[in-house]
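Work through these exercises with the sequence and the model open side by side. Each task is followed by a solution in steps.

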Amino acid sequence: MKVLFIAAAVATLSGCAAPTLYNWGGYDDALYSSYKDPSKSEALRLKLEAHIAAMDTAGTKVAPGLYAELGTLYLQSGAKSKAAEMYAKERQAWPESAQLMTALITNIQRTAPAAGEKK
Amino acid sequence: MKLAAIFFSCLLLAGCAVPVKKDMSAFAVAAPRSILVVPTINKSLDVDAPNYVLAALPVPVAEKGFYVFPVNTTKFVLEQEGYYEGERIHQEPTPVLAKMFGADAVLYVTINRWDAQFALFTTVVTVDFDYRMVAKDGTELWKENKKLQYQPQNNTSGSPMAILVGAVINAALTRAAPNYMPLTKQANQEVFLLSPNAIPNGPYRKTAQ
């Protein structure tokens, strides 16, 4: 009875919600965890890497912002060319991001060391 | 049980037919495609709340059909430019922020409450947020407030919302520290997706339907 009641309440509230547009792969919870405990930003990076790889393999569109968020994690760890690659993917997938992604990529190219980059 | 079933089917039918109360004409004119979610202002006593709330914002706004600028990348870029505090960022004119990122609109969120009041037998968890969306030309497009409270040991209200929120949150509250995220996500869901005053669908939601 109680279970039915809760199920009905959930159905009621979600009744009008349209189907989701994207598979987020747990991005919001992983981002929350990385803010809660900065040592978890590695877990966020691994999660985004695995999720994006799976989506790319399946040919499914990656949710807005995810390529760029992974790119920023790369940039913060010093992996500049990998960061630029992700920013370029974000720009290709989402034209609205073009100005910001181009600015980030230009900044990387301007400051990138020729050799000895941390991967 | 039968009564409850009828009650819920009425809600189901009524839920989609509620007329839009707020004037959304400015939103329709601006027709933003991309939304910059900037770091939040914190008026609560919990110093961690701004980041936690920020993490819960992009999914519901993007699911509404907008391009949402990556919030952690936005935060990083703003810090590079010398903007660390939500208060400082919210003071900056919207056209300046929008131009910096190439965004059509900026979403500002203020955390009014994010607290748990402990009594002998009950705990009341409260979140209260102000939401405000402003177009790149400075026109205010939409604003909303959402306050949600949860009392895990008090099931006397019996309203469907209280039962749902209770169901969503129960697991989280078995921990020693209250987890605000289910309430925060619920607030965002209601404000952006379920409320009759929710923002209109963005371009990606339109093309998907």
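Predicted model: local features only at pLDDT ≥ 70, side-chain atom pairs only at ≥ 80, totals over all residues.

**Exercise 1. A helix and what follows**

Step 1. Go to the end of α4(A): A:G78 follows the helix, and its phi is positive, near 95°.
Step 2. Check the cover. Helix α4 of chain A spans residues 66–76, and ten of its eleven residues are buried.
Step 3. List some of them. Among the buried residues are A:L66, A:Y67, A:E69, A:G71 and A:Y74.
Step 4. Find what covers them. The cover includes α2 (27–36), α3 (41–58), α5 (80–93) and α6 (98–111) of chain A. Helix α5 of chain B is also part of the cover.

**Exercise 2. Ring geometry**

Classify the ring pair A:W24 and A:Y27, then the pair B:F69 and B:F101.

Solution. 
Step 1. Start with the search: over all chains, 16 aromatic pairs turn up.
Step 2. Take A:W24 and A:Y27. Their ring centres are 6.1 Å apart and their planes meet at 25°, so the pair is stacked. The cut-off for stacking is under 30 degrees.
Step 3. Check burial. A:W24 is buried at 8% relative accessible area, and A:Y27 is buried at 3%.
Step 4. Take B:F69 and B:F101. The centres are 6.4 Å apart with 75° between the planes, and the pair is edge-to-face.
Step 5. B:F69 lies in the loop between β3 (67–68) and α5 (71–80) of chain B, while B:F101 lies in helix α7 (residues 94–101) of chain B. The pair therefore ties together parts that are 32 residues apart in sequence. Both B:F69 and B:F101 are buried.
Step 6. A:Y22, A:W24, A:Y27, A:W94, B:Y67, B:F69, B:F101 and B:Y204 form one aromatic cluster.

**Exercise 3. Charges over rings**

Which residues lie over the faces of A:W94 and B:Y204?

Solution. 
Step 1. Over A:W94 lies A:K61, at 4.0 Å from the ring centre.
Step 2. Over B:Y204 lies B:R33, at 5.4 Å from the ring centre.
Step 3. A:W94 and B:Y204 both belong to the aromatic cluster of Exercise 3.

**Exercise 4. A hairpin and its contacts**

Solution. 
Step 1. Find a facing pair: B:R132 stands opposite B:K143 in β6(B).
Step 2. Inspect the turn. Four residues sit between the strands, and B:G138 takes a positive phi near 95°.
Step 3. Go to B:E144, in strand β6 of chain B. Is this residue buried or exposed? B:E144 counts as buried, at 16% relative accessibility.
Step 4. Read its contacts beyond four places in sequence.
Step 5. Follow B:V191, in helix α9 (residues 181–194) of chain B. B:V191 is buried, at 1% relative accessible area. Among the residues B:V191 touches are B:Y131, B:W142, B:E144 and B:I199.
Step 6. Compare sequence with space. B:V191 and B:V61 are 130 residues apart along the chain, and their C-alpha atoms are separated by 9.8 Å.

**Exercise 5. Confidence**

Where in chain A does pLDDT stay under 50?

Solution. 
Step 1. Start with the chain: the mean pLDDT of chain A is 86, and 78% of its residues reach 70 or more.
Step 2. Locate the stretch: pLDDT stays under 50 over residues 6–15.
Step 3. Count its contacts. The model has 15 for this stretch beyond four places in sequence.

Conventions:
Residues numbered from 1 in each chain as written. Chains lettered and ligands numbered in written order. Heavy atoms only, no water. Phe/Tyr/Trp six-rings, centres within 6.5 Å; stacked < 30°, edge-to-face > 60°. Buried < 20%, exposed > 50% of the residue type's maximum accessible area, 1.4 Å probe, protein only. Helix = DSSP H or I, 4+ residues; strand = E, 2+ residues; numbered from the N terminus. Lys NZ or Arg CZ within 6 Å of the ring centre and 35° of its normal. pLDDT = per-residue confidence, 0-100. Contact = heavy atoms within 4.5 Å. Pairing = 2+ DSSP bridges.
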